[in-house]
Amino acid sequence: MTETPEKSPSEPPERPDRHERDDSADTERDTIALPSHVAGSGTLDRLVETARDYARQAASENTLKAYTKDWAHFARWCRMRGADPLPSSSQLIGLYIADLAAPSGKAPALSASSIERRLSGLTWGYAQRGERLDRKDRHIASVLAGIRRKHARPPAQKEAILPEDLRDMLATLPHDLRGLRDRAILLIGFSGGLRRSEIVSLDHGKDDTPDSGGWVEILEDGVLLTLRGKTGWREVEIARGSSDQTCPVHALTQWLHYARIDFGPIFVATSRNGLKATSERLSDKHVARLIKSCAREAGLRPDLPEAERVRLFSGHSLRAGLASSAEVDERYVQKQLGHASAEMTRRYQRRRDRFRVNLTKAAGL
């Protein structure tokens, strides 16, 4: 969430800032162009457009939106203090992150992790403008180290959806076309340990569409997902379950059959009357809303107020649920989640039956 500094009555009215961008496409137009000494031609102009298209694929849409907002917030912060964001200044960045950690106005203080995310956005913003931001410069690094030391706290983790929770959530869904789709989303997301963006980016078959993030192949023993990640392609195997009610493969094939999907996006919207599937790919926000809604309807964590219960669950709850409940060698879970290290996988393992392994007694005490 972007915090806006409070304006005092004495401050001048805002003027459009030449450094503030509303979207990444504007930046790409400025940075990807023919050199001034090269004459344009039809072929070269087409290659410029092709290069811009590739540049847009360098990061996910959500990441680009977040980075764009980060830069816009910083540019406005500079403008309201009579400063200019360009050229890059490590001293100015140090003051900026200090204000984020201990704001003088009504804006809430940001956590150390949120400030580091802002710095990533500024690094990207400067790079798009031909500048370099050195995060290791002492004016930035020392201030950030102090923020971490004084304000750092354990990350707020989302609640894991365990198998019994998932069964209760599935029982809340209707037995219509939307219900078939949402069952498949929950079961595929859980058993594949997928991010919500990975779920909705799946296509039917290898001939993927331009906005695809991977495709699905239905085999005799299960489903094979081929996903495009930050570090390349990876395969995720989802085997059949013990019953049709909880089998992700059965749920997916039922949805594909009744929705009559044999090409393009798998998880799409339905018509207003809910009788047929459209060609419109679902947003990843649908997955988050679905999980929160089903968790509320299933009455998960009844010991907490409803508002707090809903905040506990998100798209990551499915990934955390698989990591926390799969009783297999850790390396298989790590591979399924696509983690580079076992340590990252362990961060997802959140069990409610703590102390199930008693090392104290095992050691003989």
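This is a predicted model: local features need pLDDT of at least 70, side-chain atom pairs count only at pLDDT 80 or more; totals for chains, interfaces and linings use all residues.
User: Which residues have the most contacts inside the largest nonpolar core?

Analyst: General idea: in soluble globular proteins, nonpolar side chains tend to be buried together. In this model, the largest nonpolar core holds 46 residues, and Trp 255 is among those with the most contacts inside it, with Leu 186, Leu 225, Leu 252, Ile 266, Phe 267 and Ile 291. Helix H8 (residues 177–192) supplies the largest share of this core, 7 residues. Another core, of 22 residues, lies apart from it, and includes Trp 71, Ala 75, Leu 133 and Ile 147.

User: Now Ile 93: does it count as buried or exposed?

Analyst: The cut-off for buried is under 20% relative accessible area. Ile 93 has 0% relative accessibility, so it counts as buried. Ile 93 sits in helix H4 (residues 90–101). Setting aside neighbours within four places in sequence, its contacts are Phe 74, Leu 119, Leu 122, Tyr 126, Leu 133 and Ile 140. Ile 140 is 47 residues away along the chain, yet the two C-alpha atoms are 6.5 Å apart.

User: And Asp 70, buried or exposed?

Analyst: Apply the cut-off again: Asp 70 counts as buried because its relative accessibility is 2%. Asp 70 belongs to helix H3 (residues 61–79). Beyond four places in sequence, Asp 70 contacts Tyr 96, Arg 117, Arg 118, Gly 121 and Leu 122.

How values were computed. Residues are numbered from 1 along each chain as its sequence is written. Side-chain values use heavy atoms; hydrogens and water are left out. Helices (H or I, at least four residues) and strands (E, at least two) are DSSP runs, numbered from the N terminus. Buried means under 20% relative accessible area, exposed over 50%, partly exposed in between (1.4 Å probe, protein chains only). Contact means heavy atoms within 4.5 Å. A nonpolar core is a set of buried Ala, Val, Leu, Ile, Met, Phe, Trp, Tyr and Cys residues joined through side-chain atoms within 4.5 Å.
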